[in-house]
Amino acid sequence: NALLMTSRAGIVTTVRFEPPGSAPLPTLVFLHGFGGLMTPYVETIGRALQGRWLVVAPALDPVGAWRTKRGQAVLRETLAQLPPRADRSRVFLVGLSNGAIGALKAAQEEDVRRQVAGLALLSGISWGGDTLAGVRVLVVAGRRDARFPLTFVEEKTAELVRSGAVVEALTLDASHALVLSHAEAWVSKFAAWAE
């Protein structure tokens, strides 16, 4: 969408869904994938969470290159500058496709692990790191996802488990677009898992 297509190095636009009120809120930091629709993603996720969460979504670039040096720097800066209402003990990284790969890369660093309570990987996964000992990970995959086939997701999920991650998985009868098409199902699972 236009927000991603017009992004430039040195400038990061962040989309936020913040319910009314002043109480601290658990916080979902959403890392987008390749292309996509930032505003509908954030609005759909925020509404599915029934206004009980703060959603923060930095727009990196049209590719969702979170695993790059710049992507990792933007993620760290986003975590450092969360809104005042963010409950820092309940910050979760939720990555979609390339965003999931970037979330996993970030979680290999101790400073990021200290700042997040867990990772949710939507329609995307990778692994090749050393350890994620004790890191909570929710893997959400679609049976009809041609970009991340279920057999690949299952193989990489097993690697995460061997690395020490505490993994739960949800498989939906969905394509790569499950973030929107199956929002109620995955968000419901995410909210229960994040408690």
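Residues are numbered from 1 along each chain as its sequence is written, and side-chain values rest on heavy atoms, with hydrogens and water left out. Because the model is predicted, local features require a pLDDT of at least 70 and side-chain atom pairs count only at pLDDT 80 or more, whereas totals for chains, interfaces and linings use all residues.

Helices (H or I, at least four residues) and strands (E, at least two) are DSSP runs, numbered from the N terminus. A residue is termed buried under 20% relative accessible area, exposed over 50% and partly exposed in between, with a 1.4 Å probe and protein chains only. A nonpolar core is a set of buried Ala, Val, Leu, Ile, Met, Phe, Trp, Tyr and Cys residues joined through side-chain atoms within 4.5 Å, and contact means heavy atoms within 4.5 Å.

The largest nonpolar core has 35 residues, and those with the most contacts inside it are Leu93, Leu119, Leu121 and Leu160. At least two residues of this core are supplied by each of strand 2 (25–31), strand 3 (54–59), helix 3 (69–80), strand 4 (86–96), helix 4 (98–107), strand 5 (118–122), strand 6 (136–142) and helix 6 (150–162). The largest share, 6 residues, comes from helix 4. Apart from this core lies another, of 33 residues, which includes Met38, Ala48, Phe92 and Val179. When neighbours within four places in sequence are left aside, leucine 93 is in contact with Val29, Leu75, Leu79, Ala103, Val112, Val116, Gly118, Leu119 and Ala120.

Helix 4 is largely enclosed by the rest of the structure, because 9 of its 10 residues are buried. These buried residues are Asn98, Gly99, Ala100, Ile101, Gly102, Ala103, Leu104, Ala106 and Ala107, and what covers them includes strand 2, helix 3, strand 4, helix 5 (110–115), strand 5 and helix 6. Asparagine 98, placed in helix 4, counts as buried at 17% relative accessibility; beyond its neighbours within four places in sequence, asparagine 98 is in contact with His32, Gly33, Phe34, Val63, Gly64, Trp66 and Arg67. In the loop between strand 4 and helix 4 lies serine 97, which counts as buried at 8% relative accessibility. Serine 97 has a positive phi of about 55 degrees although it is not a glycine. Most residues other than glycine have a negative phi.

In helix 2 (residues 38–48), the buried residues are Met38, Tyr41, Val42, Ile45, Gly46 and Ala48. Seen down the helix axis, these residues fall within an arc of 165 degrees, so they line one face of helix 2; the arc is that of the directions from the helix axis to the C-beta atoms. Just after helix 2, glutamine 50 takes a positive phi of about 55 degrees. Glutamine 50 is placed in the loop between helix 2 and strand 3 and is exposed, with a relative accessible area of 54%.

The largest pocket has a volume of about 200 Å³. Of the 13 residues that line the largest pocket, Phe34, Tyr41, Leu96, Arg147 and His176 are the closest to its centre. A pocket is here an open set of points on a 1 Å grid over the protein atoms alone where a 1.4 Å probe fits, with protein on both sides within 12 Å along at least five of seven lines, and lining residues have an atom within 4 Å of a point. Grid points are joined across faces, edges and corners, and a volume is the space filled by probe spheres set on the points. By class, the lining has 7 nonpolar, 5 polar and 1 charged residues, where Ala, Val, Leu, Ile, Met, Phe, Trp, Tyr, Cys and Pro count as nonpolar, Asp, Glu, Lys and Arg as charged, and the others, Gly among them, as polar.

Alanine 65, in the loop between strand 3 and helix 3, counts as buried at 19% relative accessibility. Alanine 65 and phenylalanine 34 are 31 residues apart in sequence and 8.0 Å apart in space, C-alpha to C-alpha. Leucine 25, found in strand 2, counts as buried at 10% relative accessibility, and its C-alpha atom is separated by 8.8 Å from that of arginine 88, 63 residues apart along the chain.
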